[in-house]
Amino acid sequence: VLLDVFPFLLLLGGFTNWIRILKYGDLRLRFERFPFLLGESFAAKLVVPRLPPEVSAVGFTIRCIQERSSRPDPRRAGHGGGGGPRIFCDQVYADSCEIGNLQRDAWNSAEVRVSFLLPTGDLCTRLRDEHPRYWELEVKAAAPGARLKAVFLAPVYQRPGGA
């Protein structure tokens with residue numbers, strides 16, 4: 001049954017993404033600068049080619065994700081558990097905001113500015129480590145039909161010469 005359902009779920013996911021692109025257009029995120037440093041502000045502009053009038057606010061969540069792996073359980077090796085390590089993603093920091101009073105042009109195109117104060121500490125991006133750490137910005141908005149949702153990687157690093 002799983003082999004019959006899996007292709008259907010893939011098609012459904014692809015169809016949903018296609019509908020989302022038709023409704024909102026190709027979403028883009030423009031960073032105010034590159035890179036962003038811990039302890040300073042993160043500022044960007046979301047460009048939405050078609051933002052329907054029924055969308056009254058856009059929610060943003062910036063988060064730091066730390067990956068970790070678990071050792072394989074030898075007892076489960078022959079019982080469908082697989083023999084390799086499992087990867088887990090832990091959210092180690094997050095901050096959210098919602099931007100309302102959206103300004104649209106005559107074609108319902110919108111640019112939504114967002115800003116966060118980044119924390120201090122050892123939370124910089126480390127993509128080459130054994131347990132990678134990275135930052136992402138999630139964008140969501142409720143609307144009838146396909147809702148607005150996108151995730152962008154964010155370049156957040158430690159200040160050069162910092163701890």
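**Entry 1: S4 and its partners**

I began with the pairing of S4 and S7, which is antiparallel and runs over eight bridges. My rule for pairing is that DSSP finds at least two bridges between two strands. Strands (E, at least two residues) and helices (H or I, at least four) are DSSP runs, numbered from the N terminus.

A note for myself before going on: this is a predicted model, in which local features need pLDDT of at least 70, side-chain atom pairs count only at pLDDT 80 or more, and totals for chains, interfaces and linings use all residues. Residues are numbered from 1 along each chain as its sequence is written, and side-chain values use heavy atoms, with hydrogens and water left out.

Back to S4, which spans 57–70, and S7, which spans 133–141. I found Phe 60 opposite Val 139 in S7. I then looked at S5 and saw that S4 pairs with it too, again antiparallel, over 14 bridges. Two positions I wrote down there: Ile 62 has Asp 95 as its bridge partner in S5, and Arg 63 stands opposite Ala 94.

Together these strands belong to an open sheet of four, in the order S5-S4-S7-S8, with antiparallel pairing. S5 (86–100) and S8 are the edge strands, and each pairs on one side only. From one strand to the next the twist averages 25°; the angles come from lines fitted to C-alpha atoms (for helices, over the stretch in contact) and run from 0 to 180 degrees between N-to-C directions.

How many residues of S4 are buried? I got 10 of its 14, making the strand mostly covered. Buried here means under 20% relative accessible area, exposed means over 50%, and partly exposed is in between (1.4 Å probe, protein chains only).

**Entry 2: Glu 138**

Glu 138 counts as buried because its relative accessibility is 11%. Its side chain makes a polar contact with the side chain of Arg 63, at 3.3 Å. That term covers N or O atom pairs within 3.5 Å; within protein, one atom must be able to donate a hydrogen and the other to accept it, and residues adjacent in sequence count only if both atoms are side-chain atoms.

Beyond four places in sequence, Glu 138 is in contact with Gly 59, Phe 60, Thr 61, Arg 63, Lys 149, Ala 150 and Val 151. Contact means heavy atoms within 4.5 Å.

**Entry 3: the other sheet and the core**

I moved on to the three-strand open sheet, ordered S1-S3-S6 and paired antiparallel. S1 (28–31) and S6 (110–117) stand at the edges; each has a single partner strand, so one side of each lacks a neighbour in the sheet. Neighbouring strands are turned by 25° against each other on average, direction ignored. S3 (residues 41–48) pairs with S6 in the antiparallel sense over eight bridges, and I noted Arg 113 in S6 as the bridge partner of Lys 45.

Which residues have the most contacts inside the largest nonpolar core? They are Phe 42, Leu 46, Val 58, Phe 60 and Trp 135, in a core of 33 residues. Such a core is a set of buried Ala, Val, Leu, Ile, Met, Phe, Trp, Tyr and Cys residues joined through side-chain atoms within 4.5 Å. S3, S4, S6, S7 and S8 (148–154) each give two or more residues to this core. I listed some contacts of Phe 42 beyond four places in sequence, among them Phe 31, Ile 62, Val 114, Leu 137 and Ala 154.

**Entry 4: Tyr 24**

I found Tyr 24 in helix H1 (residues 2–24). It is buried, with a relative accessible area of 1%. Its side chain reaches the backbone nitrogen of Leu 148 at 3.3 Å. The C-alpha atoms of Tyr 24 and Arg 50 are separated by 4.6 Å, although the two residues are 26 apart along the chain. Leaving out residues up to four places away, Tyr 24 touches several others, including Pro 49, Pro 52, Val 55, Ala 143 and Arg 147.

**Entry 5: cysteines**

I searched the whole structure for disulfides (cysteine sulfur pairs within 2.5 Å) and found zero. Cys 124 is in no disulfide either, with the sulfur of Cys 64 as the nearest, 8.5 Å away. Cys 97 is partly exposed at 24% relative accessible area, whereas Cys 124 is buried at 9%.
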